[in-house]
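These are my notebook entries on a few local features that I looked up.

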Amino acid sequence: MSKIKTVFQCQACGYTSPKWLGKCPDCGAWNSFSEEKQSPKPLKSFGASEPQPLSKIIGGREKRVPIGIKEFDRALGGGLVNGAIILIGGDPGIGKSTLLLQAVSKIVSQRSEVRSQLGKGGHGGVRSEPRTVLYVSGEESPEQIKLRAERLSIDSDNIILLPETLVENVISTAQDLKPSAIVIDSIQTVYTEELTSAPGSVGQIRESAAKLMFFAKKSDTPIFLIGHVTKEGAIAGPRVLEHIVDTVLYFEGDRGHPYRILRTIKNRFGSTNEIGVFEMTDEGLIEITNPSELFMSERPLGVSGSTVIACMEGTRPLLVEMQALVSPTTFGMPRRTSMGVDFNRVNLLIAVLEKKAGIHLGGMDVFINIVGGLKILEPAADIGIISAIVSSFREVPIDTKTFLFGEVGLSGEVRAVAQGDARLKEAAKIGFKKAIIPKSNAERLKDDFGLTIIGVKDVEEIIENIK
Ligand code: TYD
Ligand code: MG
């Protein structure tokens, strides 16, 4: 076989060089070269390439097949779409392989409906076929996967394990097997023989994924790509695939906590910002359909520094506990630490408290934490941060049946946030009685959901109302 020529190309400006370079002579970017095929054949198009009017295109090809794990389906926007490429990223050891193995076992437990052609007997129709899934593992041996499967009580003739790393072999196996779905665990371990660089390099990841994608679209097979994302992985890692694939899901969580969140970052077939919530147990991942109740269950009652905020994760309201600890600085610079919320946001709100409410935290350490290892990046949590800090500073507990949401601006004003009704409804369902929310939200409400609603317009009003 003739060797395919490769070049090194700067990912920032497109400059090519026959050798790898540390710094691009053209645009000056560092560490931006990755190996590419010299003149890649343009990918053949997936379907008709004739221009055609929108009205003539037959829709409904994107049929969704639910996997059968509700929280997973929710993150996917309702289920698996044929031919979709789904990237599942996450830290090593977070539970990606576990999640996929559980999903695969659900997929093979269903039968797929095949429309048989009008054949010899004269009757066409729908018949059902068992589903198979090809699980390609470049990381673990089949024995290791078997061990995990035993732990999860999964066993099936229709889960086909393939320890393989060469993408061409994976595709030819898939062509013979015609599985209902393929899992690649992980994309960092597969490589194509067309490039000389090591598996896991940007060029290899992109080229292998492109080949898999071409196969997925041509054969209408959904493919899951597992990718490890480390904090440094922003540059060379599966992130380079985010624009190629149809759906990007991140599996996140804190190793010290059992909760895991499957977050939709991108979805061509559904909304983004959806989350699925799971708990990692000894027998694998369990879906959590009522996360708010779970996050509220261990809340200490009647202590200062604890508040409840109503956040939105996609279309789903979520009640979480936020804690603050304010204590005198023992020496030198006061410390500010935040876990689960943006550090800069906390500093900003501390400054607002100093300036607008006269609460002096200059000699105080301030620690903020979101319980359960969650991350809340929504500005609607601002009012929660403010009230938790004030509560801890004054050592006055906030009423346990009160919750809050709202954004706080630099001049101390409280600003409206979206989806107020959904947040209130969720809190009322769990048994909260009083809501402290932005005034402009309060004015627009259609219903009070049986809650006592207090609209506040600035930081001072928040402080008055949490006493
Ligand atoms: P794994 O799916 O191998 O992670 P990843 O593929 O993202 O690297 O899961 C790793 C962790 O999950 C491991 O530390 C053990 C834990 N685990 C459980 O707690 N319960 C289980 O049932 C399984 C299978 C794993
Ligand atoms: Mg794994």
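I take a residue as buried when its relative accessible area is under 20%, as exposed when that area is over 50%, and as partly exposed in between. The model I consulted is a predicted one.

**Entry 1. Aromatic pairs**

With that cut-off, I noted that Phe403 and Phe432 are both buried. I then searched the whole structure for aromatic pairs and recorded five. A pair of aromatic rings is described by the distance of the centres and the angle of the planes.

Tyr259 and Phe295 are both buried.

I returned to Phe403 and Phe432, whose ring centres are 5.6 Å apart with planes at 70°, so this pair is edge-to-face. Phe403 sits in strand S21 (residues 402-404), and Phe432 in the loop between helix H9 (420-430) and strand S24 (434-438), so the parts tied together are 29 residues apart in sequence.

**Entry 2. Helices H2 and H3**

Two packed helices are described by the angle between their axes and the distance between the axes. For helix H2 (residues 96-108) and helix H3 (residues 142-151) I read an angle of about 70° and axes 11 Å apart. H2 is therefore roughly perpendicular to H3, and the crossing of the two is right-handed.

Which residues of H2 and H3 meet? I found Ser97, Thr98 and Leu101 on the side of H2, and Ile145, Arg148 and Ala149 on the side of H3. By class, the residues of this contact of H2 with H3 are three nonpolar, two polar and one charged.

**Entry 3. Helices H7 and H8**

I next looked up helix H7 (residues 343-357) and helix H8 (residues 382-394), which pack at an angle of about 60° with axes 10 Å apart. That angle makes H7 oblique to H8. The crossing of H7 and H8 is right-handed.

H7 contributes Arg345, Val346, Leu349, Ile350 and Leu353 to the contact, while H8 contributes Asp382, Ile385, Ile386, Ile389 and Val390. I recorded eight nonpolar, no polar and two charged residues in the contact of H7 with H8.

**Entry 4. Backbone**

Most residues other than glycine have a negative phi, and most peptide bonds are trans. I therefore noted the departures from this pattern that follow.

The peptide bond joining Asp185 and Ser186 is cis, with omega about 0°. I placed Ser186 in the loop between strand S11 (181-185) and helix H5 (202-219).

Glu395, although not a glycine, has a positive phi of about 55°. Glu395 lies in the loop between H8 and S21 and is exposed, at a relative accessible area of 62%.

Phe449 is not a glycine either, and I read a positive phi of about 55° for Phe449. Phe449 is in the loop between helix H10 (439-443) and strand S25 (452-456). Is Phe449 buried, partly exposed or exposed? Its relative accessible area is 22%, so Phe449 counts as partly exposed.

**Entry 5. Lys5**

Lys5 is in the segment before strand S1 (6-10). I found Lys5 exposed, with a relative accessible area of 60%. Leaving aside neighbours within four places in sequence, Lys5 contacts Glu36, Lys37 and Gln38. From Lys5 to Pro18 I noted 13 residues in sequence and 9.5 Å in space, C-alpha to C-alpha.

Key:
Residues numbered from 1 in each chain as written. Chains lettered and ligands numbered in written order. Predicted model: local features only at pLDDT ≥ 70, side-chain atom pairs only at ≥ 80, totals over all residues. Heavy atoms only, no water. Axes fitted to C-alpha atoms, helices over the stretch in contact; angles between N-to-C directions. Helix = DSSP H or I, 4+ residues; strand = E, 2+ residues; numbered from the N terminus. Parallel < 35°, antiparallel > 145°, perpendicular 65-115°, else oblique. Left-handed = near helix turned anticlockwise from the far one by under 90°. Contact = heavy atoms within 4.5 Å. Nonpolar A, V, L, I, M, F, W, Y, C, P; charged D, E, K, R; others polar. Phe/Tyr/Trp six-rings, centres within 6.5 Å; stacked < 30°, edge-to-face > 60°. Buried < 20%, exposed > 50% of the residue type's maximum accessible area, 1.4 Å probe, protein only.
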